[in-house]
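Me: I would like to go through this model in short questions and answers. Please end each reply on the value or name I ask for.

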Number of protein chains: 2
Amino acid sequence: MNRLEKLRKELENHQVDALLITNPYNRRYMTGFTGTSGAAIVSKNDAVFITDFRYTEQAKKQVKNFRIIQQEASILKEVAKIVDEWKIKTLAFEKDHVTYGEYEAYQKQLNVELVPLSGLIEKIRLIKTDEEIKIIKVACEIADAAFSHILTFIKPGVTELEVSNELEFFMRKQGATSSSFDTIVASGLRSALPHGVATDKVIEKGDFVTLDFGAVYNGYVSDITRTIAVGQPSAKLVEMYNVVLEAQLLALEKIGPGMTGIEADKIARDFLTEKGYGEAFGHSTGHGIGLEVHEGPALSFRSEQVLEPNMVVTVEPGVYLPGIGGVRIEDDIVITGTGNERLTHSDKELIIL
Amino acid sequence: MNRLEKLRKELENHQVDALLITNPYNRRYMTGFTGTSGAAIVSKNDAVFITDFRYTEQAKKQVKNFRIIQQEASILKEVAKIVDEWKIKTLAFEKDHVTYGEYEAYQKQLNVELVPLSGLIEKIRLIKTDEEIKIIKVACEIADAAFSHILTFIKPGVTELEVSNELEFFMRKQGATSSSFDTIVASGLRSALPHGVATDKVIEKGDFVTLDFGAVYNGYVSDITRTIAVGQPSAKLVEMYNVVLEAQLLALEKIGPGMTGIEADKIARDFLTEKGYGEAFGHSTGHGIGLEVHEGPALSFRSEQVLEPNMVVTVEPGVYLPGIGGVRIEDDIVITGTGNERLTHSDKELIIL
Ligand SMILES: [Mn+2]
Ligand SMILES: [Mn+2]
């Protein structure tokens, strides 16, 4: 089934006549349109894409299987026309994206029963096509190359921000549109912060440095983390490093199809708990990546989603001890028929610069 | 009046007991918090800021005048407690930011009358403090420096994307966090696209190149456009350039306090219409900038907002002729007691590289 067919099956399941697609990721996924303004409507038999004069040329090139409408006034007025034309009785909208203010406007201007729904297209996005996986592989290659490069750049005296900028510059020169999120460069005691976005802190001898970054390539992202040492680290930090590495390798070895997110999360978590670091591992093991850097499926203690072939996820256990430091190691993998295939390949033995 | 006092006046005007602040720009504006997760509630007599364990240290440093609460479970559960504790009867929420899905959760979990409101804090943000203007000036200086720099980089054979990346790298090295939006580099026939985000097109001799970009500095943005020529341009392009330049200088000369957005927009528009380019000027003259790259007040044919001292806006007339090319010239200004002060200072005489 192609994407439109899958979506139509979802419309049937939810007993609605049509879906109004406004979330930019879902819009891109369904239509191929990469511009920043537009909406799509999909019903059982029809599919239109509405955009303004700035983007109609682009839409004609990118959008297949949808009739393209150039909006005269607002997008919403075109939606209203379609609702009447197609005799839509129940129109679903993306309730995790549409604001309450937009909903009010829908109520006022659309002669239809509005049905707030969640996750219809996100569910289809869970399973990547081979074409999507190819693109994600390139995003991963760019991140791997950036990691190799940054090892030649990091030394005592450079700031976290300089490292973050250098990663950005390098990845863009390799064809990335941008970083896939605000790059984390957390050095020294800051490495104990799971979300330590780069600051003007100077990297010093003896620091652990956690680098968490990724590239956007052709709309798809990568997400990789490595922790390295600048100068000889303390014995405690080395111990932490090795236990996280073991946990991550164990998870990579075991994660595969048929397992729930809870089961996938438990692998590294149980190991770290056994080693006395359960409390220090305060986040989940991983998350899906694709058009977004955080999408389904989650590898977390709450996720009953079963892993299936062609899902792409991160595997990123970490331990964080305030006042001492932290370690996280993250790879991207694609679930296969029998286990998983690694998409990021950067070295994981402790690197001491 | 400080920001909290101004907001409390708005609560009174709208006859609500409290406002739940979740829009990240408004949250930052009201609290000073620069992290990515948190919510604030402001009532007549109280003000709290709720965030999770990752951000409480940061919040303690940044957030003044608000009691800081570290959430135990979800933010919404803390909001529910506050609603009960403060005996709030009517709670306003930011309807242009809150999704319909979040609204449903509010309805389920909050024992209060919900009031969807729009633009309360945005209205306060219209008038910049001297401190904010100082920061915007730095963002403008970075953009000016980047324009000077890029003139040494552009030559026939480089691609638009290389130019865009070089602007990005240069501005970050000057202290910018990032570009303030996807940089527009529109060369040759592409210069007729008002929104021509950089592509892999190679810049050629005879091309007009429109560069529209800006820096984020300390949370605030700049936004500047210059059109330059690479090699001798055609007589028609030169004519277009001069008419846009005249229109822009005229607008800069006349825009000042007491004028509506409509009146400010009319200056360049009437001039261009008189010169036969009215149809070719398909967008509005300008928009406010601050924490966001598009905020109030608009300088457009629809905006009845009266300009006041310390508002910061762009002035950016342009003309676009499909099949020929386009020109736009944009500066940032702050409205003063008597007129305006320019914040961007890059050359505007036609530059031929
Ligand atoms: Mn991750
Ligand atoms: Mn602008």
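Reply: A residue counts as buried under 20% relative accessible area, as exposed over 50%, and as partly exposed in between. The model is a predicted one.

Me: By that cut-off, is Asn65(A) buried or exposed?
Reply: Asn65(A) is found in the loop between H3 and strand S4 (67–70) of chain A. Its phi is positive, near 70°, although the residue is not glycine. The limit for exposed is over 50%, and Asn65(A) has a relative accessible area of 62%, so the residue is exposed.

Me: Into which accessibility class does Asn218(A) fall?
Reply: Asn218(A) also has a positive phi, about 50°, without being a glycine. The residue sits in the loop between strand S10 (215–217) and strand S11 (220–221) of chain A. With a relative accessible area of 44%, Asn218(A) is partly exposed.

Me: What confidence does the predictor give the complex?
Reply: For chain A, 100% of the residues reach a pLDDT of 70 or more, and the mean is 97. For the complex, the pTM is 0.94 and the ipTM is 0.92.

Me: How far apart are the ring centres of Tyr100(B) and Tyr103(B)?
Reply: Both residues are in helix H5 (residues 100–109) of chain B, and because they are 3 residues apart, about one helical turn separates them. Tyr100(B) is buried at 10% relative accessible area, and Tyr103(B) is buried at 12%. The two rings form a tilted pair, with 50° between the planes and a centre-to-centre distance of 5.8 Å.

Me: Which residues form one aromatic cluster with Tyr100(B) and Tyr103(B)?
Reply: The structure holds 17 aromatic pairs over all chains. The cluster draws on chain A as well as chain B.

Me: What is the geometry of the aromatic pair of Phe33(A) and Tyr55(A)?
Reply: Phe33(A) lies in the loop between helix H2 (24–31) and strand S2 (39–43), and Tyr55(A) in the loop between strand S3 (47–51) and helix H3 (56–62), so the pair ties together parts of chain A that are 22 residues apart in sequence. Phe33(A) is buried at 1% relative accessibility, as is Tyr55(A) at 7%. The centres are 5.7 Å apart with 90° between the planes, and over 60 degrees counts as edge-to-face.

Me: Over which ring does the charged end of Arg3(A) sit?
Reply: In chain B, Arg3(B) lies over the face of Tyr29(B), 4.0 Å from the ring centre. In chain A, the charged end of Arg3(A) is 4.0 Å from the centre of the ring of Tyr29(A).

Me: What spacing do the donors of the manganese ion (ligand 1) follow?
Reply: The ion is coordinated by Asp223(A), His287(A), Glu316(A) and Glu330(A), at 2.1 to 2.4 Å. His287(A), in strand S13 (residues 286–288), and Glu316(A), in the loop between strand S15 (312–315) and strand S16 (318–321), are 29 residues apart. His287(A) is buried at 9%, and Glu316(A) is buried at 9%. Along the chain, the donors follow D-x63-H-x28-E-x13-E.

Me: What is the relative accessible area of Glu330(B)?
Reply: Glu330(B) coordinates the manganese ion (ligand 2) along with Asp223(B), His287(B) and Glu316(B), at 2.2 to 2.4 Å. Glu316(B) is buried at 9% relative accessibility. Glu330(B) is buried too, and its relative accessible area is 0%.

Me: What is omega for the cis peptide bond that joins Gly296(A) and Pro297(A)?
Reply: Pro297(A) is in strand S14 (residues 295–299) of chain A. In chain B, the peptide bond from Gly296(B) to Pro297(B) is cis, with omega near -5°. For the bond in chain A, omega is about -5°.

Technical notes
Residues are numbered from 1 along each chain as its sequence is written. Chains are lettered from A and ligands numbered from 1 in the order in which they are written. This is a predicted model: local features need pLDDT of at least 70, side-chain atom pairs count only at pLDDT 80 or more; totals for chains, interfaces and linings use all residues. Side-chain values use heavy atoms; hydrogens and water are left out. Rings of Phe, Tyr and Trp (its six-membered ring) pair if their centres lie within 6.5 Å; planes under 30 degrees apart count as stacked, over 60 as edge-to-face and the rest as tilted. Helices (H or I, at least four residues) and strands (E, at least two) are DSSP runs, numbered from the N terminus. Buried means under 20% relative accessible area, exposed over 50%, partly exposed in between (1.4 Å probe, protein chains only). A charge sits over a ring if NZ of Lys or CZ of Arg is within 6 Å of the ring centre and within 35 degrees of the ring normal. Donors are N, O and S atoms within 2.8 Å of the metal (3.2 Å for Na, K and Ca); water is not among the atoms, so sites may look incomplete. pLDDT is the predictor's confidence in each residue, from 0 to 100.
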